[in-house]
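I opened this notebook page to look up ring pairs, helix packing and charges over rings. My entries follow the order in which I looked.

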Amino acid sequence: SHPEMGLMTSPTSPVPTTPVTPLGTTPPSSDVISSAELPLDADVQTSNLLITFLKYSSIVMQDTKDEHRLHSGKLCLIILTCIAEDQYANAFLHDDNMNFRVNLHRMPMRHRKKAADKNLPCRPLVCAVLDLMVEFIVTHMMKEFPMDLYVRCIQIVHKLLCYQKKCRVRLHYTWRELWSALINLLKFLMSNETVLLAKHNIFTLALMVVNLFNMFITYGDTFLPTPSSYDELYYEIIRMHQNFDNLYSMVLRLSTNAGQWKEPASKVTHALVNIRAIINHFNPKIESYAAVNHISQLSEDQVLEVVRSNYDTLTLKLQDGLDQYERYSEQHKEAAFFKELVRSISINVRKNLAFNTLSQELLLKEFSTIS
């Protein structure tokens, strides 16, 4: 655990005289920096192992075309899956009194500017986990689609939401970024339906994404930070309604055909019921408002005004099991992956250790001195 210079805002609670590292991340005694050597002031922040791990994950997960990095990325997501379903880890991640700045590595993309590191906000660590998941969703929509990693990524977000719903944690997070990323993922799945269906059951992933939206719709009032956040969710669904309409048309087409995708597609059809109810309820009212007021295109505030004034007449169906999930199990699902991972590590070590440059006599001499 190393201090990071120039990355700390003034803490709200009284500052202890020595650095405190949470959840068993205290470094060995030889690495502890005394308060005399490193006074805790506004320019110093003590980092922890989880921040280091999140930064490492953000680097490793950028290039999944390389098999070694793909395996490393998968391992990172498995670790984050276990963290996301652990009660104590979640309590730490969501603790409002434990705020950090986490400088995740972001893949350079033409359509977005590089964020200045100095503008990073100081937030609970769960925000960095969500940022990492959003970053992965946005940057891996490609022909060599890493389906397994996407499923794990959505599962992590779902488990974090389940904790927030259960403990009524109102996280101040820019949820719009997540909603936008999820809608764009659905759009990608539809645009590449033929190519992806040849390799993957994309309806499993589509169902998980739709059910994330159902979580926000059904339970959002228990964990979204403000009532306006709930309004923004509806605004985003209405604004991007064409993507949900297209998804419904696609799954309806495949669920009415007697093919291999009939059952998984029909599950998505049923899951879309509340999203379609929102779109079908608010769209005519927005068009009517525009016609009455002679406005060709409504502003966001005007749409939100229509949404707020028409909640009462909206009817939604209660969907069961949205806040339930299957806990992570290494056996038997992951056994082959870990076996292969250990094998590749051992092969890599053997390859990189230059045994041929050391004589057998020298090796035996070295081993004899090991206590």
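I began with Trp-261, which counts as buried because its relative accessibility is 16% and the limit for buried is under 20%. I note at the outset that this is a predicted model.

I then asked which ring partners Trp-261, and found that Phe-203 and Trp-261 form a tilted aromatic pair, with 6.0 Å from centre to centre and 55° between the planes. Phe-203 belongs to helix H8, whereas Trp-261 lies in the loop between helix H10 (241–255) and helix H11 (262–271), so I recorded a pair that links distant parts of the chain, 58 residues apart. Phe-203 is buried as well, at a relative accessible area of 1%.

Phe-145 and Tyr-150 make a stacked pair, because their ring centres are 4.6 Å apart and their planes stand at 10°; both residues are buried. I also found a cluster in which ring pairs link Tyr-173, Trp-175, Trp-179, Phe-216 and Phe-223.

Next I followed helix H8 (residues 202–223) to helix H12 (residues 273–292), and noted that their axes come within 9 Å and cross at roughly 65°. On the H8 side I listed Val-210, Phe-213, Asn-214 and Ile-217, which meet Asn-274, Ile-275 and Ile-278 of H12. The residues of this contact are five nonpolar and two polar, with no charged ones.

Last, I looked up charges over rings: the charged end of Arg-276 sits over the ring of Tyr-248, 3.7 Å from its centre, and Lys-74 lies over the face of Phe-337, at 4.2 Å from the ring centre.

Terms used:
Residues are numbered from 1 along each chain as its sequence is written. This is a predicted model: local features need pLDDT of at least 70, side-chain atom pairs count only at pLDDT 80 or more; totals for chains, interfaces and linings use all residues. Side-chain values use heavy atoms; hydrogens and water are left out. Axes are lines fitted to C-alpha atoms, for helices over the stretch in contact, and angles run from 0 to 180 degrees between N-to-C directions. Helices (H or I, at least four residues) and strands (E, at least two) are DSSP runs, numbered from the N terminus. Contact means heavy atoms within 4.5 Å. Ala, Val, Leu, Ile, Met, Phe, Trp, Tyr, Cys and Pro count as nonpolar, Asp, Glu, Lys and Arg as charged, and the others, Gly among them, as polar. Rings of Phe, Tyr and Trp (its six-membered ring) pair if their centres lie within 6.5 Å; planes under 30 degrees apart count as stacked, over 60 as edge-to-face and the rest as tilted. Buried means under 20% relative accessible area, exposed over 50%, partly exposed in between (1.4 Å probe, protein chains only). A charge sits over a ring if NZ of Lys or CZ of Arg is within 6 Å of the ring centre and within 35 degrees of the ring normal.
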